[in-house]
Amino acid sequence: MAKITMPTVPAYDSQARNEAPARLSTATVIDDYHSKQPCPQPVMSQTTKPHNTHHTNNIQRETETVHQQGDFNVKTDILDNKRRSYLQSTGACLAVLGGPFHSSHFAYANDSTAMMQPDFGCLLDLPPVTPDCARIYLCRHGQTENNRLHLVQGARVDPPINANGREQAKRLGMAISRLMASDGGVAIPNGVVHSTMRRARETAETLTCVANESPKSTTLKLMGELPTLTEVDFGSLEGTDSNNAKRQMTSTFAAWSIGDIDKILSGGESGRDVLMRAAQALEQLSAAAVTTRTSNNSSSSILAVSHSVYLRVLLSMVNDSSLAQSAFMKINNGSVSVVDVNVKGKSRVVNLNSGLFGGGRLGLLSGRKTELNVVMPEAYLIRQNEIRHLNGMGVVK
């Protein structure tokens, strides 16, 4: 598959958009369906030594006070909330749960979907496209054998999707087909791009074929690969057991989350590299969405197939939310996340004082002296990890 030639990114202008959706908290889900599926929460091990004695004493005093009132549940909730706040604000949660790299914890649909019927109309209830924006459907590729066996795969290891992954890709196509057959009022993607990896290409090819099976007024066009969508390069850890690689990967990602963005992951990629790629991808995707818009579509839209860790970083950038908290962000194989990207010139700068790094507070932990100024188009997270089209597939072991 040849690389696509991306259109020129629209020039930024000075006119600010009047209507913008509120930015989402990472603990808040965008619609009612997702609000019923809270993200996994960090739990401090009993053997973990606190870094802040004063903070720990406050937890103990408050716990003891509630315990005297005889309300064990309230006591537990307060303790958990205090611990959660502490861990998330320092990035220590990455060390507890193993960071965003442990596929067995983050990669698959939960048991609650096993007995449910797939909902291929799951994208029809999306809100209207944000004014002056293009809509980007960000999909994760279908499952590979490396996913199933919990082996690290990034930008170097390139397995195909397996039978389960093909089924996930087909269901993605069916969900997009329902969008394409709708009467209007929804953003219909006209093109599909994918990363340079085989698993992303095969997912894109399969979903495009399925989406185009029924006659419609629009056709989904497979446009080719976009290198900026490729998974994070995990260096020499690729192909190894994720449990064995977890400590080194977590250590690197924790360093990124407190601003040490030039740390390189086992001879692979630095955090700065990933952030710059993600910003560039948003520009390229929004420009391509505008260029491929047809008269049958009321909004500019495009679909992209990418990878889990990369998408966690990109979505955290979009939402200006903590990179440390992205460890709890679910991006299932075959899932869809939705982002609206401004195409009228409104931009913002990601720096070390951004919410991505705890609003500058976490940098005190690293004593960082690096600088970062990444310009990205203003963007809004509309939906994260839509998986209703995967209902009935159950948990993959």
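Helix 7 (residues 163-180) and helix 8 (residues 198-211) pack at about 45°, and their axes lie 7 Å apart. Because an angle between 35 and 65 degrees is neither roughly parallel nor roughly perpendicular, helix 7 is oblique to helix 8. The model is predicted. A second pair, helix 10 (residues 271-291) and helix 11 (residues 308-319), packs at about 70° with axes 10 Å apart.

**Helix 7 with helix 8**

- On the helix 7 side, the contact is made by Arg 166, Ala 169, Lys 170, Leu 172, Gly 173, Met 174, Ile 176, Ser 177 and Met 180.
- On the helix 8 side, Thr 203, Thr 206, Leu 207, Val 210 and Ala 211 take part.
- Sorted by class, this contact of helix 7 with helix 8 holds 8 nonpolar, 4 polar and 2 charged residues.

**Helix 10 with helix 11**

- Angles of 65 to 115 degrees count as roughly perpendicular, and helix 10 and helix 11 are therefore roughly perpendicular to each other.
- The crossing of helix 10 and helix 11 is right-handed.
- Helix 10 contributes Val 274, Leu 275, Arg 277, Ala 278, Ala 279, Ala 281 and Leu 282 to the contact.
- These residues meet Tyr 310, Val 313, Leu 314, Met 317 and Val 318 of helix 11.
- By class, the contact of helix 10 with helix 11 has 11 nonpolar residues, no polar ones and 1 charged residue.

Terms used. Residues are numbered from 1 along each chain as its sequence is written. This is a predicted model: local features need pLDDT of at least 70, side-chain atom pairs count only at pLDDT 80 or more; totals for chains, interfaces and linings use all residues. Side-chain values use heavy atoms; hydrogens and water are left out. Axes are lines fitted to C-alpha atoms, for helices over the stretch in contact, and angles run from 0 to 180 degrees between N-to-C directions. Helices (H or I, at least four residues) and strands (E, at least two) are DSSP runs, numbered from the N terminus. Angles under 35 degrees count as roughly parallel, over 145 as roughly antiparallel, 65 to 115 as roughly perpendicular and the rest as oblique. A crossing is left-handed if the near helix is turned anticlockwise from the far one by less than a right angle, and right-handed if clockwise. Contact means heavy atoms within 4.5 Å. Ala, Val, Leu, Ile, Met, Phe, Trp, Tyr, Cys and Pro count as nonpolar, Asp, Glu, Lys and Arg as charged, and the others, Gly among them, as polar.
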